[in-house]
Every structure is written in C-alpha cells, then in structure tokens.
Amino acid sequence: TKGYLMMWEQPWRRFILLFSISKFKLRAHYMDCSGMVISKPLPIVTSPERFVNVLNTITLGNCSSLGFDPTIHI
C-alpha cells in the first residue's frame, strides 16, 4: 500500500494518517510499524461539522501530532 511505501521511504515518521472517502463517508487509516487501524465511517452529509473538524486538525496540527519523529533531524 501507499502507507507502507511512505513508512519505508520516510524513516523519520512514527505513524501515518491516511484518509479515504467513499459514498460520502470518511474513514481515517492510522498506520505505524506494527500495522493499521481503520476508523468507523463518518457520514459527511449528516455531520459536516465533524468533517470540517477533521480537516482543521490535520491542516493545523504540529509535526509531531502528524507522525513526524521530533528526535530525528535530516
């Protein structure tokens, strides 16, 4: 998967957050070295506030909360 390739090519990552949208439902995919966890689907149409909250968190989050290891400097 693309997440596995990202972990392979970017050793400074602790985890990766991926998102998928299908049939107006958002799923979050959390991937680290031990495996992957997929969230329950979030209906975008019936709860747009939560969808915008997810987008804001990803957009405005600091590097360590987005999976980058702060102890590694390249």
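Me: Buried means under 20% relative accessible area, exposed over 50%, and partly exposed in between (1.4 Å probe, protein chains only). Is L66 buried, partly exposed or exposed?

Reply: L66 is partly exposed, because its relative accessible area is 22%. Keep in mind that this is a predicted model: local features need pLDDT of at least 70, side-chain atom pairs count only at pLDDT 80 or more, and totals for chains, interfaces and linings use all residues. Numbering starts from 1 along each chain as its sequence is written, and side-chain values use heavy atoms, with hydrogens and water left out.

Me: Fine. Where is L66 in the fold?

Reply: L66 lies in the segment after α2, which covers 48-60. Helices (H or I, at least four residues) and strands (E, at least two) are DSSP runs, numbered from the N terminus.

Me: What does L66 touch?

Reply: Leaving out residues up to four places away in sequence, L66 touches R13, F15, I58 and G61. Contact means heavy atoms within 4.5 Å.

Me: How far apart are the C-alpha atoms of L66 and R13?

Reply: They are separated by 8.8 Å. Along the chain, L66 and R13 are 53 residues apart.

Me: And which ring does the charged end of R13 sit over?

Reply: The ring of F68. The charged end of R13 is 4.2 Å from the centre of that ring. The rule for a charge over a ring is NZ of Lys or CZ of Arg within 6 Å of the ring centre and within 35 degrees of the ring normal.

Me: How many aromatic pairs are there?

Reply: The count is one aromatic pair. Rings of Phe, Tyr and Trp (its six-membered ring) pair if their centres lie within 6.5 Å; planes under 30 degrees apart are stacked, over 60 edge-to-face, and the rest tilted.

Me: Let me step back. How many helices and strands does the protein have?

Reply: Two helices and four strands. From the N terminus, the order is α-β-β-β-β-α.

Me: What about overall dimensions and burial?

Reply: The C-alpha atoms fill a box of roughly 40 × 25 × 15 Å along the principal axes. The protein has 74 residues, and 18% of them count as buried. For contacts with a separation of 6 or more, 34% come from residues 24 or more positions apart.

Me: How much accessible surface is there?

Reply: About 5,800 Å², and 64% of that belongs to carbon and sulfur atoms. The areas come from the Shrake-Rupley method with a 1.4 Å probe.

Me: Where is K23, and is K23 buried or exposed?

Reply: K23 is in the loop between β1 (15-22) and β2 (25-32). K23 counts as exposed because its relative accessibility is 76%. F24 lies in the loop between β1 and β2, and with a relative accessible area of 61% F24 is exposed too.

Me: Now Y30. Which strand is Y30 in, and what does Y30 touch?

Reply: Y30 is in strand β2. Beyond four places in sequence, Y30 touches F15, I16, L17, G35, M36 and V37. Y30 is partly exposed, at a relative accessible area of 33%.

Me: M36 is on that list. Where is M36 found?

Reply: M36 is in strand β3, residues 35-38. M36 is partly exposed, because its relative accessibility is 40%. Past four places in sequence, M36 touches H29, Y30 and M31.

Me: Last one. Is T46 buried or exposed?

Reply: T46 counts as exposed, because its relative accessibility is 66%. T46 is found in the loop between β4 (42-43) and α2.
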